[in-house]
Every structure is written in C-alpha cells, then in structure tokens.
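Subject: Structure handover

Hello,

Here is the structure I promised to pass on. Please open it alongside this note.

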Amino acid sequence: MKKIVTILAGGLLGLIALLLVNTFRFSSKQLTDVPPAPALNNFSPDSAAARLAEAIRCRTVSYTDYSLTDTTQFDKFIALIRRQFPRLHSRLTLQTVNQYGLLYTWTGKNPALPPVLLLGHYDVVPVIQGTERLWKRPPFAGLIEGGYVYGRGTVDDKTTVMGLLEAVEYLLGTNYQPDRTVMLAFGQDEETLGQRGAQSIAALLEKQGVRPAMVIDEGGTVKMDGIPGFEKPVALVGIGEKGYVSLELTATGEGGHSSMPPRQTSIGIVAAAVAKLEQNPFPARLDAGIEQLFGYVGPEMGFGNRLVFANVWLFAPVVKQILSGSTAGDATQRTTTAATIMRAGQKDNVLPIDATVTVNFRILPGETAQTVTERVKQVIDDERVSVTVLGKLNNPSSLSDPDAPAFGQLHRSIRAVFPEAVVAPYLMLGATDARFYRSICPNVYRFMPIRMTDETLKLPHGTNERVSVKDYADMVRFYVTLIQNTQGGN
C-alpha cells in the first residue's frame, strides 16, 4: 500500500511540475520593440471627417433583390471619390468589375515582391422602415456633431474604404513610392453575399495570376473593454470565419378537422425534430480559433488563468464549460443551431398538412455544410422529416497562420497605433468579403482599426451608427503605417 501511495504521490508531483514548467514557458507573444507611429504631417482629421460625411450622404444601399438597388447612388459615390482623391486617381490604375466593384493598383518599385491586398466595401444595409425616428441624426445626412460623424456606413464599412483612400492619398502627397505593389479592392455588395463584387474581383485576380502576400479586410476591432475573463484592451484579428447554412425541415400530415387529431401533427413532428437538435448541440472544439486566441491573451493574464491556458491539454473541459456560460463564448467553440422561421397551418380548427421550420447553422472550421446536414439527419432520425438546404451556403474558411510574417507585420502596425492593446488572433462569427480571397492567398486577416466596446459593437447595422473623428484619424494613421510596414520581406 505504501508503495502505491508513493507512486501516486510521485505522479502527482510530476504532474504539478509539468504544469508549472508549461506555465512559466507560456511567455508573451506581444511585440514590445515597436516605436509609436508618427503623426501625419499636414493631415487634417477634420477635413478627412468632412470627406467621410460627404460619402455617407451617398445612399449606397444594396438589396438581395438587385432590382431594388439604386445604382445611381453608386455612380454618385464613385464620382465623389474621384473628386476627393485626385492624386490617387491620377497615379493608380483602376479596374472596374461588374461596373461598381473597384480594384486599384499602386505599382511598386520591385515587381518580384507579391502585392498587398487591402479590402473594404462601400455598400451599406438599409435602415429598417419606421426606425428612422429612433436615430438622433438622420442616417444619410452625414452630419458631424460633438466630435462624431453620424450615419449608415460610418462603421460598416464605408469608413474602411475612405480610410484606405485617405492613407494612399496622404502617402502620394509625401512622394512615397512602395517597393511592393499595393492593391485596394472595394466591393459593392458585401451585405448581399458579395457575388458581384468581392467574389468577381477575386476570380479576376486569380485569372490574372495575382498571389498577394497578405489580404486585410474588415473584422475584429480594438475591444477596449476586453473579452470575458480579460478586461484589458484587445486588438482582435480574425484569422478565419465561420460558415453558414440554413436547412429546411419539413413534415407532411393528412390534414382534416382539429376535433379528430392524430397523436402528432406535422407541427408536432417538426417541433420534435427541432427539440432534438437543441438538446444535442454540435460538440465543442478549441482548435478553430479559441486555442489561438488564448495562446496570445493567456500569457497576459494572472497566474491562475495562465496555468489553465498553458495546459489546455488537461484543462480543456474546464475551458469549454466556461465558454458555454455565455452565448458569445459558446458560439466560438461549436457550430451553432438556431431555429429561426416556422410556417404551418392557416386556421385554428384545421389540421396543417405541411409544417416547415428553417434552422440556421453557423459552421465551425473543420466542418462543412455537408457534414452539418448529415449530422442533422442523424440526430433527428425520423423518416417523416425531410431535410433540404435552403438558398446559398458558405463553408467556413480555413484558419490563417498567426505565426506567418504577414501577421507579424499586421501585429507591429497595430502596436504602433494602439500600444495599449494586446494583439490576439480569433475566429470571426460573421462573414466578410475576405473569404473569397483564400484561394489566392493563405494569409487572410480581418481587422478594423477602430476602438469599440460591448455597447458600441451594437452600432453596425444598428441605430445611431457613428464614428469619432479621432478614431477615424487613427484609422488613417494605421493604414499609412500598415502600408509602410508591409514593404519588406519576400
């Protein structure tokens, strides 16, 4: 017995020693030798804000039904930026794709270096009819008040487009000439799946044999109130994004009078199917962005959290349980299931014949729409329920490498402009135009250089969308710094 106790004690001590060694080796990945980005000489934040405000007045709303889209507003926007950025339009080559997709090329001095591709989209979502009265400033008036530019697109995503144009115009004004070619690609329909814009631009670049060293699109922000369990500012860089598929579950009954119902109507059948799906969620996994996130944030935490995240191989069940405590945390570790639409019946005393439920799934990298559909059928396990794919689907992107030199250049640029923030890769829950460019570049990152909080993250697609003049000026400074930082290497 004493021998067994000795062996167990030795094993426990060995485990503790291993945990401690891993914890002390779990060192910071934050760059510390980064000088602050210099101020932009002769750059006027107020003038830049005025140009952004003017762009907001162009109602570049895209609709899924393209016939509803007022393309005269897109013409107005393109004419506007031609006037606002004369140096850029005289020095860069512009290709239009499907008339309103814009691809600018700033040719570098060294054609052997693969280009940098910077993305944005200038279309915006509509303002929900009847909610205009809730806006403190009219959504398309482009007003500047109290240090803020108000209007639809000030966060998503006209600010990115205008910020990139400002950065290039500024650099051209200093006679800057990049060694590496810089390309700007601006889509006109990101809010409606991006087929006319980003998808077509990416196909054109692939056909032309363009292989960028890095692709940067909108995405994570500088989260000033941190993330659950870590309250310091975090600059979240999307290294991938979840996929999307909606499945339609349908059951068919015989109909008839409600006074003589069967044991289960068609509504009951599909309701039972939904209940099975909700009771059997997709398994949680930490290998699709979360592991990378805590690999960067974990070393900046207190000792207890460092111990956990340095030894995820042991504490994975604990981490999964913690993430399951919030909807946002849980969504980062599993393919999510959301029943969103139900259609059945027309009269209260008539049995429905067809009952249909639409269930939306946001797919974790490592799975596909096909594997999701197969699992749904297995979980439901009811031949009375048909499962069909509804509309278009997007498979999740693969994850870009946070250890790649391109990520290092982005990391350095973020630290130069936002030194207060901890830089960390993460998985985006939503979709961006970036997914279309993965076929031509392995280093696709999603980051929007703007400070936000839990509260202001409600602004994109929401009411009273706005950006501060100071944040917009820092965005321009960031893009200037990023372009300069990407000029070295292979």
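Below is what was found, taken element by element. Keep in mind that this is a predicted model.

**Helix 5**

Start with helix 5, residues 158-173. Its 16 residues should span 22 Å at 1.5 Å a residue, and the end C-alpha atoms are 22 Å apart, so expectation and model agree. Is the helix enclosed or open? Of its 16 residues, 15 are buried, so helix 5 is largely enclosed by the rest of the structure.

Look at both sides of the helix too. In the loop between strand 5 (148-150) and helix 5 sits D157. The peptide bond joining D156 and D157 is cis, with omega at about -5°. Just after the helix, N175 has a positive phi of about 65°.

**E166**

E166 is a residue of helix 5. Its relative accessible area is 4%, so E166 falls under the 20% cut-off and is buried. What does the E166 side chain pair with? It makes a polar contact of 2.6 Å with the side chain of R51. Beyond four places in sequence, E166 touches F43, A48, R51, F85, Y472 and V476.

**L277**

Next, helix 7 (residues 266-279), which holds L277. L277 is buried, at 4% relative accessibility. Setting aside residues within four places in sequence, its contacts are L249, T337, F361, V376, V379 and I380.

**Second largest pocket**

This pocket holds about 290 Å³ of space. Its lining has 15 residues; Y63, T64, D189, T192 and L193 lie nearest the centre. Helix 3 (71-84) and helix 6 (195-207) are the elements that each give two or more residues to that lining. By type, the lining residues are five nonpolar, seven polar and three charged.

- N98 is not a glycine, but its phi is positive, at about 50°. It sits in the loop between strand 1 (93-97) and strand 2 (101-106). N98 is partly exposed, at 45% relative accessibility.
- H461, also a residue other than glycine, has a positive phi near 70°. Its loop runs between strand 16 (444-452) and strand 17 (466-468). H461 is partly exposed, at 44% relative accessibility.

Best wishes

Note on methods:
Residues numbered from 1 in each chain as written. Predicted model: local features only at pLDDT ≥ 70, side-chain atom pairs only at ≥ 80, totals over all residues. Heavy atoms only, no water. Helix = DSSP H or I, 4+ residues; strand = E, 2+ residues; numbered from the N terminus. Expected span 1.5 Å × (residues − 1). Buried < 20%, exposed > 50% of the residue type's maximum accessible area, 1.4 Å probe, protein only. 1 Å grid on protein atoms, 1.4 Å probe; cavity = no way out; pocket = protein on both sides within 12 Å on 5 of 7 lines; lining within 4 Å. Points joined across faces, edges and corners; volume = space filled by probe spheres on them. Nonpolar A, V, L, I, M, F, W, Y, C, P; charged D, E, K, R; others polar. Polar contact = N/O pair within 3.5 Å; in protein donor to acceptor, adjacent residues only side chain to side chain. Contact = heavy atoms within 4.5 Å.
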